[in-house]
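Student: I have a protein model to look at, and I would like to learn how to read it. Can we go through it feature by feature?

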Amino acid sequence: MSSTDLNTNLLWQTLSKDVYTQGRVEKGFAQDVISEVHESMMESQPLLISCSENVVKGKQKEGASWLTASFLLVNTALGVGILNFPAAYDQAGGIFYATLIQVIMVTLMLSTMLILAYCSDVNGDLTYHDVLLSMCGKKGQQLAAVSITLTLYCVCIASLIVIGDQLDNLFYTIFGPGFCERFYLRRTFTISVTAILFILPTCFCKRVDFLGYIGSIGIFAMLYPVFLTVYGYFKLHPNNVIIKTKPTDLSEMFAIFPVLGLGYQVQEVVVPVYSCMRERNLCSFVKSSVLAMAILFVLYSIIGCFGYLTFGSHVAHNVMKMYDSDDPFVMVGVAALIIKMIATYPILALCGRDAAAGVYAELRGLKPSEFVATERSRRYVLAAVWFTSSLLLAVGTDSIGVVFKYLGSVASANIFIYPGICLMQMILKQDPDLQRRKSPYLVAYSIFITGFGAFCVGVVLSEAILSHGQEATVDLCHLPLNATVQ
């Protein structure tokens, strides 16, 4: 499976579990109704079954080694965010500052990963939401569910924009500059037609298992830009390349923290992966986490450095948009990305709609029998609203950079704020008077992590709102031919 598939399916399982848990604790509920809810959930199981589920059901499983766990984390993190790294290097102020920010982000995110793993050991929790429920209560769990649903929604919008970017690239190669003067080649039309023909019919399905057969294309599509930037660096010689040596604005540099960190985001699957490990202990998980972050750091540094050195400040937020698809190497990447996005969107939509349904059921206080009875109509309504709204936002947004900023803002809560609160709650429960020597330092660090996350949310959100519509975009209709691969 691809990275996005792994990430979102695990999230969907966790969120959907809330409704089932609600049914189990309802006093006076008949056992056959609970079984009905469980069977209904099983029918709509996602493509990937969490390893922790086997533990819950009492089945013994050998478990994953620390090396396997590290690659699970890597596959989870790799997604459309990798296309934004060259532009992020420019916004950060050049290679030095971008690398420095990445080192800081990797260090902080490693700490939050270990915090979640450590907190999960207290009550033997198996999912991210279980940890939040144990440490922060039901309200904290519901807030996290909402933020994760918003993350899925933003990724859906980003997927549609990537499709539009790749089609623009393809039409630019075939018809040349000015191709979008034809209405049927404009991105508003091409995105809409592609989405309606190939994506919309799958959004109403209860299962999307058939998309699992092209999961390997997703991994290939996400790694291909890394190869392409190296290839382009040695083949291309664009004119007027501007390379920054320092940030032009400190607010932009601060705003890039969570945008870069989005590429390393694995917090939502840390606990399920940790629970899958053959040796569930922090020592083994530290090795998995460090190796995973090191691999990601190398991949992102390669695409960031080579992509930025090739195009400089003119680089697009989707680096694939900078290459001429007339080149066979580029054509392969364009085709793979389009297929990947078409296959990914329904999975994201399925996860999102069921996550939203779980939150809706809890807010409305629906009983499991009511939840099951209204499943079909709710699925169609949520799918229609999800698809229509995301499509309208995608065709109305020229730059994917704006979406990445909103994504970084929402993701900051899952990356920093919730783990920080979990650490504080755990310390206060274990040592209410803070008499142990390490307790005050851990509380101080939890405050720092939470505050840093809140700062990132505020800065990135305000930056995204203020810069909306002002992002530098690559207009392929008037892009000089010498700026692309010949």
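Predicted model: local features only at pLDDT ≥ 70, side-chain atom pairs only at ≥ 80, totals over all residues.

Student: Is C154 buried or exposed?

Tutor: Buried means under 20% relative accessible area, and exposed means over 50%. C154 has 12% relative accessibility, so C154 is buried. C276 has 9%, so C276 counts as buried too.

Student: What share of the protein chain counts as buried?

Tutor: The chain has 486 residues, and 58% of them count as buried. The chain exposes about 19800 Å². Carbon and sulfur atoms supply 65% of that area.

Student: How many helices and strands does the chain have?

Tutor: There are 17 helices and zero strands.

Student: How do I see whether contacts reach across the sequence?

Tutor: Ask how far apart the partners are along the chain. Take contacts between residues at least 6 apart in sequence. Of these, 86% join residues at least 24 apart.

Student: What does the side chain of Q265 make with the side chain of E268?

Tutor: The two side chains make a polar contact, at 2.5 Å.

Student: How far apart are the closest N and O atoms of R280 and D121?

Tutor: They are 3.1 Å apart, and the pair forms a salt bridge. R280 lies in the loop between α11 and α12 (282–311), and D121 lies in helix α6 (residues 95–123), so this pair ties together parts that are 159 residues apart in sequence.

Student: How accessible are R280 and D121?

Tutor: R280 is partly exposed, at 26% relative accessibility. D121 is partly exposed as well, at 33%.

Student: Now a different case. Where is D165, and is it buried or exposed?

Tutor: D165 sits in helix α7. D165 is buried, with a relative accessible area of 2%.

Student: Which residues is D165 in contact with, leaving aside neighbours within four places in sequence?

Tutor: R187, N318 and K321. Start with R187. The side chains of R187 and D165 meet in a salt bridge, 3.1 Å from N to O. This pair links distant parts of the chain: R187 is in helix α8, D165 is in helix α7, and they are 22 residues apart. R187 is buried, at 12% relative accessible area.

Student: What about K321 and D165?

Tutor: Their side chains also meet in a salt bridge, 3.5 Å from N to O. This pair links distant parts of the chain too: K321 is in the loop between α12 and α13 (328–364), D165 is in helix α7, and they are 156 residues apart. K321 is buried, with a relative accessible area of 7%.

Student: Which residues are linked in a network of salt bridges?

Tutor: D165, D168, R187 and K321.

Student: Last, the surface. Which residues make the nonpolar patch?

Tutor: F183, Y184, F189, V193, L197 and F198 make a nonpolar surface patch of about 600 Å². Pick out F183. F183 is in the loop between α7 (128–175) and α8 (187–203). At 52% relative accessibility, F183 counts as exposed.

Note on methods: Residues numbered from 1 in each chain as written. Heavy atoms only, no water. Buried < 20%, exposed > 50% of the residue type's maximum accessible area, 1.4 Å probe, protein only. Polar contact = N/O pair within 3.5 Å; in protein donor to acceptor, adjacent residues only side chain to side chain. Patch = residues over 30% accessible without salt bridge, like charges linked within 9 Å, V, L, I, M, F, W, Y side chains within 5 Å. Areas by Shrake-Rupley, 256 points an atom, 1.4 Å probe, with all protein chains shown as cover. Salt bridge = Lys/Arg side-chain N within 4 Å of Asp/Glu carboxyl O. Helix = DSSP H or I, 4+ residues; strand = E, 2+ residues; numbered from the N terminus. Contact = heavy atoms within 4.5 Å.
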